Every structure is written in structure tokens, then in C-alpha cells.
Amino acid sequence: MSPHERHRPNGKRVQLMATCLCDAFFDDAAAATVEVLEYLGCEIAFPEAQTCCGQPAFNGGDWKASRKVVRHTVKTFAGEEPVVVPSGSCAAMMFHGALLEFEKEPDLPQVAQLASRTWELADFIVNGLGVTKWPGRYEATVAFHRSCHSRGTASGPAALTLLGSIEGLKVAPFGEGEQCCGFGGTFSVAFPTISQAMGNLKLDHVLATQPDEIVSADMSCLMHMGGLAAKGGRPVKTRHIAQILRDSLKNASATAR
Amino acid sequence: MKYQQIDQFAAGLAREKRAAVYDGSKAGYDSRYKALFTHYTAPDELRHLAGEIKQHAIENLDTYLPQVEAKLQENGAKVHWAADAREACEAVLKIMRDRGATKMVKAKTMVSEEIELAHFLEKEGVECLETDLGEFIVQIDHDHPSHIVKPIIHKNRREIATSFEKNGLGEYNDDPGTITRRARQYLRHKYLAADVALTGANFLSAESGRMVLVTNEGNSRFCLAATKVHIALIGIEKIVARDRDLAVLLNLLGRSGTGQQLTSYTEFITGPKSAAQPDGPEEMHVIFVDNGRTDVLESDCREILRCIRCGACLNVCPVYRQASGHAYRAVYPGPVGAVLSPLLAGKKFPEMADLPKASTLCGACNEVCPVNIPIPDLLLRLRDKGKQAGSAAASAATPPMGGYAILATQPAAWKAALSMGGIINAVPTPLLPQAAKTWVETRGLPPWRGGQFRKWMKQRKKS
């Protein structure tokens, strides 16, 4: 996946795509995203009609169904502002996957227009807003799982830039970091044996470094790894990068007081 | 079907086999990384360049095929064209029959596996002996290769020692040195007795008609040492425009496939032996094999024809590592196989359309590919194609997306579902749809918090 061309943000108005997973399970990750963006001075619009990026059907092979969802998303996020997504996977769906399935469609330009202003959160902070040092404090050793949709994009390095700059936080590298956690959307239920084997292998590597938390830009990977860890009797704390960034700020203001 | 076929195969795979495949492929990945990143400052740029070189060649085959045909003829080789597997096999047989030949030694070639040449020739009473050690073991075991570069990655030396004993190649001895020596002794006589040598080609230059063969055992050189006739089976996508393109491709092939700067043997063959040469084959025949390749060229997955068969995508693939090559039910396994095998299956595409599903789309295959094939994109295209073809194999265990699409395009219905979705925590597991059941049974579900973020957001706006 090649890094896509994007418009630099013009002003600080942004639209938030919260993702269906945060909508259904992980509200705090979405809330943290809002607080982090507000701290950076962004004015956030949350289009109420948003649902899902269309990726489940796209990866599942039902492109016809997926295109319907993408068209709805394109309509919902009309405008010129950057669209910020707390997920490397949903962001890549908009700037890469959607373009693939609309290649021969007449409304490709509209889809491409949204693609050109869609950002994963860490990528937006570092490369969109130019912030490379994160204030505050966060006392923890974390394992950073670079989700696979961030492969070859600016998101992985951006997340590491931010995490690495937080006082008190240590990123512990683990073995075979380039390998997938085994989630893969519908793959996880259509190939449960392989999916679990991959996930457990990832956990073996991650847990070997005894991190306090696993951090990622994608709740989907974390949901899979956290669930497997719990079932396997070795529970581990999983956190979205937005939650780390927000809590780092909170810790700073607590100290200031 | 409860789960996908490849997953069922993986579930039934013996622990020992999985470990052999896992360790072998991981070692391949590690040595590749070391070879590329210690020798080059920007290996990624080289991969992109190599991709462009191959893409240019396959998109201009209409120019390069006639050009290479003329060059080969000029160099003294005879050129044959085979539209499918049957024609390719028959072309080989005809060359042998016309010369009263009955014994063939062959070097490793994937296209011969693809057209099932050995099987065909044996039925016609021709001895067709594999001389690559791995392929030789596969042959005496009546097995199939499970990896493009390491055909017996799935076997351990005890299994090999047992099959050597069974095939009269000495008493049981699982020392790798002894196994290799015995195979060598057996093969030496066969090289001398053979009438015809068959090889593939890793590359073929349209500029000079020069073909390139790489091996690590030198067996292709032995094949060509004593035989009078050389037959080269070459897929039409093996052509490159210029000799100098080989500099890029050879440097990447060895490093990507086996972590070597170059393979132990790299042969450049420019035709049958010349008058000045004391020995070598007196005749050289090149059989160009299409067997579905022009259809692939016409499709929106043509980038897969760039493949130089290094096996790096297999080595890095987490699914391949767990499932092994035989799970893919085809000559080409792993990520490249998941694209190529359904495409080459022709009318049987729907039966093979589950292969592109065997991926988390993690992209590791694209990241290591020496010719930068966008494998995940091609897998996705084939998933769409499988759905359109109504493939039952592809849709197995995949939740239907129609209902999802309706919900996700109607905000009111979506919000209602969010507020009612908590029901999933209350429904007994056996009553859940299969996909949800699988998830709950294996991973557990976090508490349902549908709509909570929206509520929070609204209150925040007010305050």
C-alpha cells in the first residue's frame, strides 16, 4: 500500500469518523479521540448519519454491498475538512480500499475526494498538524502493535513518534513485530483455527516483554488479542493510542495542580 | 460448511508438520531480510524497479514474444507454442517419440508441475526423473511439493530416510549427508543413461534469446551434460526485455528466495552446442506455455504475472505458516498461489475461489515481494469475482453482507441497532448466528456499549 496523497489541513475544522466498533463497544476510545483533537485546537463535527466505512463487506468479497455503504459514507462526510479516524484500518478502507472497488464506477471522483482528506489519527497529528512531541506523562511500558493496515503508510511511524515522546512511557519492542495478529475481519470467524494460532503467537511475543499494556491504532486488533488473552487465561490490558494520549494530558494537568 | 477448507486443513495438520513448515519459512524470511538489508541501502527501491521491469515485459508480450522467437531461431533453437497443458505435454512427447527417446532427466520447473508432465509421460511409458533433491524425494514418495522453492519443507529427515529405505536406496539412515550422497550416486547413472533433458527457465531475454537457469545443486548442468536434446518449458511471462534487466532480477531472486547473493549456479544458455563446443545438447527446443496466462493478462489481476517464483511471500505469510502449502490444493501455494491458482483454474474457478479468502490482507506478502506485486489488492479483486461467480467454496463460513448493507445505509436503523445490540450479551451462545458463535466461543465479547459515544458527544456539545 503506497502512502496516499492528501490535502494538508486548511484550518482546524475536522470531521470525526468514530468507526462502527467504537460506536458499538469502545466508546472511550472515540471520546479520547475527541479530547485529544480538542486539545490540539480542532473544531470537531460529528456527522450523526455515519455508520460504517464499508470494510466488512469489502473484505468479505461483497463489493456491491460495500459500495452502497461507501456511497452513504461519502454523502455523510461531504465537505472539504479533513476526516479523522481513530483506526488505521477504516482510514485505509477510505483512501485505498474504496478506490479499488470504485475503479470502474462513475462516482469514483467523489470517493477519491473523500479519500484525499481521510487521515488516521496519529498520522493526522504528526503529518497533518506537524505535532511531533506529546506533552504530559504516562508511566508505563507498552507493546505497540502496528496494525497491518498501517503497513507502508505514515501511521505506524507517526504513532511511534508520539508514544516515544511521552515522558515516562517506554515502548518495548517484541519479536516478529511485522506479523499480523490474525484478526482479518470475517477471516477471524471463517478461519478460526488459523486466526487463533496467529493471535496466540502474537501474544506469546508481546507478553514475553511483560508490557503493562498493548497499544494500537486499531480497536479491532486489540479486541481480538484481548479476547484471546482472556480466553487463554492470560489477560492483558489493551488500550487505543488515543486513550494514552488523552491520559498523558490528564496526568500533566493533575501534576500541575 | 462450518469453516473454510484451508482452515479445516490447518486444524487437521500434525503438530510436527506445522512446526517444520513454520520453522522453515521463518528461517527463509530471516535470511532474506539479512541478505537484502545488509547489501543494499534502499532494497525497497530495487523491488519497485524490478516490478516495473517485469510489468513492462508482460504488457508488451505482443512485441517481445515474436522478438524472442526470432532470436531463439537465430541461435539455433526450435520454438514450439502450447496453448494449454495438454498441448505442452504432447509437444514434449512428440520430440521424444520422433527421436526414439525413452528416458528423461529433468531439473526443477514449476510449469512442469502445473501441466503435470511427469504423470503424463509415465503413462506414455517414458521415464521422467526429477533431479532436484527435493523434487526427487517428492517423486519417490508420490507426494506433491508444498513450497515453490523448498518442495519438501513439510518433511523431516526421518520421513525421508524411511522413504529412501522403502525405495531401495540403502538401509535406514537419517543423516542428511548420507541421504544426499545416496541420491547423488543414484542420479549420476541416470544422467548418463538419459536421452533428453528438460528444464524450465527463470528468465528469458528478448534482446538476445538468452535463457537463465538458477539452481543450488547444479543438477540442471548435469542434466545438460550428457543428453543430446534439451527441452526448455517456459511460461510466456518469463520474458524480460533486455539482458541488463537480469542484473536487477537475479540480485533480487537469490536474496528474496534463499537469502543468497546469487544461487550457487547461474546458467546462461544461448542455444544448442556450437561447433566450437566439445559437448552439450545438439538440439534445443523451447516450448512456450500459455495455459491460461493470456487470460490472466486480460484480467485485472495481470500483475501476478510479474512473479519470479522466489517464495518470499510464502515464507512471510502467517496463514501459510500455519496451514502449509498442501492446504492450497494447487501447484502454487501461499499468497501467490491464492491469486494464481484460481486464475489458472479456468472453468474450475468457483471451486478454487476460496483460496483468496485465506488471508487477513495483512500485506506482508506485498512488502517482501521482489517485484512488488500488490497481492492483497488482487486477493480482494478475486473475492469480488468469487462472489459474482456464486462460488460456494468462497462463501463458506462468511457471514452474508446484505443485512449489514441495509443497516449501514440507513442511519435511523443503524442507531436502533446500536441501542438494541446489547441483546447479544443476553442471547445463549447456541442460538447465535455461526459467525458470532465462533467469535464468542473463542475470544469472548467485550460489553456492548452501543450508542454510548453518541450520547457522550451530544452532552459535550451542550456543555
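Me: Helices are DSSP runs of H or I with at least four residues, and strands are runs of E with at least two, numbered from the N terminus. Which helix gives the most to the lining of the largest cavity?

Reply: In this predicted model, α16(B) gives the most, with three residues. Helices α15 (318–323), α16 and α18 (364–368) of chain B each supply at least two residues of that lining. Residues are numbered from 1 along each chain as written, with chains lettered from A and ligands numbered from 1 in written order. Local features need pLDDT of at least 70, side-chain atom pairs count only at pLDDT 80 or more, and totals for chains, interfaces and linings use all residues, while side-chain values use heavy atoms, without hydrogens and water.

Me: What makes a space a cavity and not a pocket?

Reply: On a 1 Å grid over the protein atoms alone, a cavity is a set of points where a 1.4 Å probe fits but cannot get out, whereas a pocket is an open set with protein on both sides within 12 Å along at least five of seven lines. The structure holds five cavities of 30 Å³ or more.

Me: What classes of residue line the largest cavity?

Reply: Ala, Val, Leu, Ile, Met, Phe, Trp, Tyr, Cys and Pro count as nonpolar, Asp, Glu, Lys and Arg as charged, and the others, Gly among them, as polar. By that rule the lining has 12 nonpolar, three polar and no charged residues.

Me: And what lines the second largest cavity, of about 90 Å³?

Reply: There are 13 lining residues, and B:Cys307, B:Cys310, B:Cys313, B:Cys369 and B:Pro370 are the closest to the centre. The classes are 11 nonpolar, one polar and one charged.

Me: What is known of the second largest pocket?

Reply: Its volume is about 1400 Å³. Of its 49 lining residues, B:Glu113, B:Glu114, B:Glu116, B:His144 and B:Val331 are the closest to the centre. The lining divides into 22 nonpolar, 12 polar and 15 charged residues. Helix α8(B) gives the most, with five residues.

Me: Why are α4(A) and α6(A) called oblique?

Reply: Helix α4 (residues 63–76) and helix α6 (residues 108–115) of chain A pack at about 60 degrees, with axes 10 Å apart. Axes are lines fitted to C-alpha atoms, for helices over the stretch in contact, and angles run from 0 to 180 degrees between N-to-C directions. Under 35 degrees is roughly parallel, over 145 roughly antiparallel, 65 to 115 roughly perpendicular and the rest oblique; the pair is therefore oblique.

Methods
On a 1 Å grid over the protein atoms alone, a cavity is a set of points where a 1.4 Å probe fits but cannot get out, and a pocket is an open set with protein on both sides within 12 Å along at least five of seven lines; lining residues have an atom within 4 Å of a point. Grid points are joined across faces, edges and corners, and a volume is the space filled by probe spheres set on the points.
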